[in-house]
Amino acid sequence: MSSEIIVSRPHYDSRVHQKSPPLEQEVPQPSSGSATAGYRSAKYTPAEWFSNYQAILAQAGTNHRDAQNIQLESRTLSQDTEAAALKTQATGTRLLGERLQEIHSWKSELQRHIELLQADTESLLMVKKRLERALDATETPFAIATDNLTCRARRLGAELVRDTVEEELLKEVDLIRSIQALLKKTAAQVVAQIKRNRSAQQTLEMDWSDKCQAYSFDDACGRNNNMSPDTQQHPSSATMQEHVSTPSSWTKFTQDNLSMALQEDHATKSLRMLVEQMLQDTTEDLRVQCASVDRAFSLRCEDLIEAKTQLEMKLAQTLEQIGSQEKNIEVLQRAVHNKEAPLRVAQSRLYLRSLRPNMELCRDQPQLSLEGEVRQIDASLESLKQKLSEARSSLSRLEESRMALEKDISCKTNSLFIEREKCMIHRKRYPTVSVLSGY
């Protein structure tokens, strides 16, 4: 305050000095006190002197009161801060204890789910091996079915037919292929589930490990007090808390991990039930289809035996008919030959009568009779030749039938050999239910 008063005077004089015109432009005025003007300008007035020391006294009084207030507030603040520090420390210790209990609870829950996921993974590994064995077991039925189709492809002639056996074998092949695809797909699902289980287990183990470390740190924090020798100042520790999780996000993180583990556990149980049911269904489907194929083979063999018997009977009839037709052809040939002499006689008579001269060339009764006789013989010959041609055609067809019957009998004999000796015997190697189920 005093410095401001002391300084204010020269500022006042300087402003007056700056506003006054230059000396060379002033018009000197005669004055009796002009010689002492400079001495008077450097002095304070009594009012200013009084004002200056009064201001100093007021400022000193104010500073004294401020100092007393600050001392009183400092004692109060010291007592309050000490009590607040003790209270805050006690609250922190209590909260650390509660936090330790919470961490321990979550650690136990994480450990339980880790063990559960590990057991699920081991069970899925066993399921995977069972699926692989079931997949390998389907190779035998597939080889049997394809071998049956290959053997039946060697049937001869009209026996190469798409019959019920063929359809059932093709159904069996398609069924085996679809089951193999299903087993491979299910095995891939099991492998994927195993990976998800291990990933979830790894997440839980990392969370469990983090909580173990956090428990250790919080336990050490809870044991620290004002008398602990290993405590020290870390001024930057408070600023590090800006990038950590909140209690709600911390709890949600573990809950999400446990929820994911539970989800994978439910998915594992559902997948195991699905695999078990699928293996039962596929095994039953294969055995049912195997029975259908075997039944179709039996019926086909019965049909072949019946057809072969009928063909053999028809062959015997055909051979008998061939003999009869050969005799009939001989009779017709003699009949045609017997008509040649009468025809020559009638034609010779007509020729000789055609040589009659002039008016003697008359169409009389003998002429008409001879012409009718020739036409009759020609018609008879035509009928006999037509019938002979039909008999020969019939004989040719009978021979063709005989050849066809003999060929068909041979084909059916070959087919019967393939069905009974090649296919049905091979099918006795079909796997059992336990093998198809993956055991």
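The model is predicted, so local features need pLDDT of at least 70 and side-chain atom pairs count only at pLDDT 80 or more, whereas totals for chains, interfaces and linings use all residues. Residues are numbered from 1 along each chain as its sequence is written, and side-chain values use heavy atoms, with hydrogens and water left out.

**Overall composition**

The secondary structure of the chain consists of eight helices and zero strands, in the order α-α-α-α-α-α-α-α along the sequence. Helices here are DSSP runs of H or I with at least four residues, strands are runs of E with at least two, and both are numbered from the N terminus. Of the 439 residues, 28% count as buried, a term that denotes under 20% relative accessible area, with exposed meaning over 50% and partly exposed in between (1.4 Å probe, protein chains only). The accessible surface of the chain is about 29600 Å², and carbon and sulfur atoms contribute 56% of this area; such areas come from the Shrake-Rupley method with a 1.4 Å probe, and for residues only the protein chains shown count as cover. Among contacts between residues at least 6 apart in sequence, 90% join residues at least 24 apart, where contact means heavy atoms within 4.5 Å.

**Helix pairs**

Helix α6 (residues 247-353) takes part in a pairing with helix α3 (residues 46-137), in which the two axes come within 10 Å and cross at roughly 20 degrees. Axes are lines fitted to C-alpha atoms, for helices over the stretch in contact, and angles run from 0 to 180 degrees between N-to-C directions. Helices α3 and α6 are therefore roughly parallel to each other; angles under 35 degrees receive that description, those over 145 count as roughly antiparallel, 65 to 115 as roughly perpendicular and the rest as oblique.

On the α4 side the contact comprises Ile144, Asp147, Asn148, Cys151 and Arg152, which meet Ile418, Glu419, Lys422, Cys423 and His426 of α7.

The table gives the residues of each contact by class. Ala, Val, Leu, Ile, Met, Phe, Trp, Tyr, Cys and Pro count as nonpolar, Asp, Glu, Lys and Arg as charged, and the others, Gly among them, as polar.

| α3 with α6 | 17 nonpolar residues | six polar residues | ten charged residues |

**Individual residues of α6**

Lysine 339 lies in helix α6 and, at 31% relative accessibility, counts as partly exposed. Leaving aside residues up to four places away in sequence, lysine 339 touches Ile377, Ser380, Leu381 and Leu384. The C-alpha atoms of lysine 339 and isoleucine 377 are separated by 6.9 Å, although the two residues are 38 apart along the chain.

Valine 331 belongs to helix α6 and is partly exposed, with 42% relative accessibility. Its C-alpha atom is 9.2 Å from that of leucine 388, 57 residues away along the chain.

Aspartate 303 is likewise found in helix α6, where its 42% relative accessibility makes it partly exposed. Aspartate 303 and leucine 416 are 113 residues apart in sequence and 9.7 Å apart in space, C-alpha to C-alpha.
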